[in-house]
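Here is a short tour of a protein chain, meant to be read with the structure open beside it. Take a moment to turn the view around before starting.

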Amino acid sequence: MGLLDVLSPVVTLYAEFLPMKARAKCILLIEVFWAIGTVFEVVLAVFVMPSLGWRWLLILSAVPLLLFAVLCFWLPESARYDVLSGNQEKAIATLKRIATENGAPMPLGKLIISRQEDRGKMRDLFTPHFRWTTLLLWFIWFSNAFSYYGLVLLTTELFQAGDVCSISSRRKAVEAKCSLACEYLSEEDYMDLLWTTLSEFPGVLVTLWIIDRLGRKKTMALCFVIFSLCSLLLFICVGRNMLTLLLFIARAFISGGFQAAYVYTPEVYPTATRALGLGTCSGMARVGALITPFIAQVMLESSVYLTLAVYSGCCLLAALASCFLPIETKGRGLQESSHREWGQEMVGRGTHGTGVARSNSGSQE
């Protein structure tokens, strides 16, 4: 869950440096490294867990985060944020650095801001223009994390049991007992877990292919619907190979829904509230991740079918929520201010060396 906190400002910062045409593609490609990390974690567990145990697995997993914390000092601040904060000199210095590193000249003109705004506040997320969007996005992010991490937890349970029917019979046959001993995964369990984890790569590719064709809203809805269908198909007593395939598809699409949400959310809020909007969505995702163990493990003890129905139903509602989002951000530029027309850019370009002209967001080419 801590990774969600790290990803929110990272995606916000990254999105504010990207032109409109490449924004979805670049944000989705950065999610490839999330997939690499999940695969690396499974491979690391294969070698570390049998000999060193979970404590060393946790320590070694934290090393990349420590490296990232050090490298953060070399990241530039968002020029959009600096302009909005009135620090235009720092914004210009950042843009000059970008131009130099890309071997391109600085565009003519000067940075302007039509209205100075305060830092983003919670009430800004509930203005008439954004209230419905905020509430729907909170539920979408909650459902994403709730279902994604729930599937991860269910995967180990299903692999150890063999299939859904085996879990049901096992729950009836085994008497309740108090034990703190952990049941280690077998080599076959780890291999199947690795296969389902690898599904995040095709999840990125599928999302990358459809997000600029269908749009952000329809992409999220499609991902939720397919996850729900795969969850319902798990009701059938299928063999281990079919179980692995269904889990593979379900994880690919719930991961794709997460990626589409990471593209959509920074695009729908203006600069002053972009980080706050994405941060509160991430907070709702944490709530979903906190609740899901009670469903994927505790409720599973009572009824595996009810557990699967909860995840399937939650994602069907999230698909509806995606369709009801009032704004489609496909082809739109990043909004600078809630007081301007949607999609307007505050970066001006000079015309014939004099005056300032406002251009559409995402035209930084």
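Predicted model: local features only at pLDDT ≥ 70, side-chain atom pairs only at ≥ 80, totals over all residues.

## Helix 12

How much of helix 12 is covered? Helix 12 is mostly covered, with 23 of its 29 residues buried.

## The chain as a whole

Stepping back, the chain has 14 helices and two strands. It is 365 residues long, and 45% of them count as buried. The accessible surface of the chain comes to about 18500 Å², and carbon and sulfur atoms account for 67% of that area.

The contacts are worth a look too. Taking the contacts in the chain with a separation of 6 or more, 76% are between residues 24 or more positions apart.

## A network of salt bridges

Side chains of opposite charge can pair when their charged atoms come close. How many salt bridges does the structure hold? There are two.

In one of them, the side chains of Asp212 and Arg216 meet, at 2.6 Å from N to O. Asp212 counts as partly exposed because its relative accessibility is 37%, whereas Arg216, at 2%, counts as buried.

Arg216 also forms a salt bridge with Glu267, where the closest N and O atoms are 2.9 Å apart. Glu267 has a relative accessible area of 1%, so it is buried. Through the salt bridges that share partners, Asp212, Arg216 and Glu267 are joined into one network.

Which residues make the nonpolar surface patch of about 550 Å²? They are Leu52, Trp56, Ile59, Leu60, Val63 and Leu67.

Val63 is one to pick out, and it is found in helix 4, which covers residues 54-71. Val63 has a relative accessibility of 38%, so it counts as partly exposed. As a reminder when viewing any such helix, an α-helix has 3.6 residues a turn, so residues three or four places apart point the same way.

Definitions and conventions. Residues numbered from 1 in each chain as written. Heavy atoms only, no water. Patch = residues over 30% accessible without salt bridge, like charges linked within 9 Å, V, L, I, M, F, W, Y side chains within 5 Å. Areas by Shrake-Rupley, 256 points an atom, 1.4 Å probe, with all protein chains shown as cover. Salt bridge = Lys/Arg side-chain N within 4 Å of Asp/Glu carboxyl O. Helix = DSSP H or I, 4+ residues; strand = E, 2+ residues; numbered from the N terminus. Buried < 20%, exposed > 50% of the residue type's maximum accessible area, 1.4 Å probe, protein only. Contact = heavy atoms within 4.5 Å.
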